[in-house]
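User: Please take a close look at one part of this model, the hairpin, and describe its strands, the residues around it and the pocket beside it.

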Amino acid sequence: MNNHCCSDMENSLTLNCDQHTDEYSCPDVLINYSDKFDEYGLIIHDGGNSSLLIQYCPFCGTKMPESKRDLWFDTLESMGFDDPAEQEIPEQFNSRDWYEST
């Protein structure tokens, strides 16, 4: 479980909707958190699952952690995975486990 910077951030990341099953389809959810990359983003509600990386919390101003996205790809590449979207990668790389175990 991640400890987010403030209760407003925690609340904004919670999908509490009886009409939508995921954060990208619910217009009330505006921020997402990727524990795999340890990054926060503003959801772009265009029918897909895109978000715009944010550097600071819009509620309390806390600096968000540095994204681990590049490190994720670099680490997998060093293990011989050149296309993780098409390859079966180790399960730990689907969550924060890969960077918490190092």
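Analyst: In the hairpin of β1 and β2, which has four residues between the strands, D38 takes a positive phi near 55 degrees. The model is predicted, so that local features need pLDDT of at least 70 and side-chain atom pairs pLDDT 80 or more, while totals for chains, interfaces and linings use all residues. Residues are numbered from 1 along each chain as its sequence is written, and side-chain values use heavy atoms, without hydrogens and water.

Strands here are DSSP runs of E with at least two residues, numbered from the N terminus, and two of them pair if DSSP finds at least two bridges between them. Strand β1 (residues 31-34) runs antiparallel to β2 (residues 39-44), with four bridges joining them, and S34 stands opposite E39. Both faces of β1 are covered, as I31 and Y33 on one side and N32 and S34 on the other are all buried, where buried means under 20% relative accessible area with a 1.4 Å probe, protein chains only.

Aromatic rings pair if their centres lie within 6.5 Å, and count as stacked with planes under 30 degrees apart, edge-to-face over 60 and tilted in between. Six such pairs are found in the whole structure. The ring centres of Y33 and Y40 are 4.6 Å apart and their planes lie at 45 degrees, so this pair is tilted. Y33 counts as buried at 15% relative accessibility, as does Y40 at 4%.

The lining of the largest pocket includes N32, S34, F37, E39, Y40 and G41, and β1, β2 and β3 (50-53) each give two or more residues to that lining.

Conventions: Buried means under 20% relative accessible area, exposed over 50%, partly exposed in between (1.4 Å probe, protein chains only). On a 1 Å grid over the protein atoms alone, a cavity is a set of points where a 1.4 Å probe fits but cannot get out, and a pocket is an open set with protein on both sides within 12 Å along at least five of seven lines; lining residues have an atom within 4 Å of a point.
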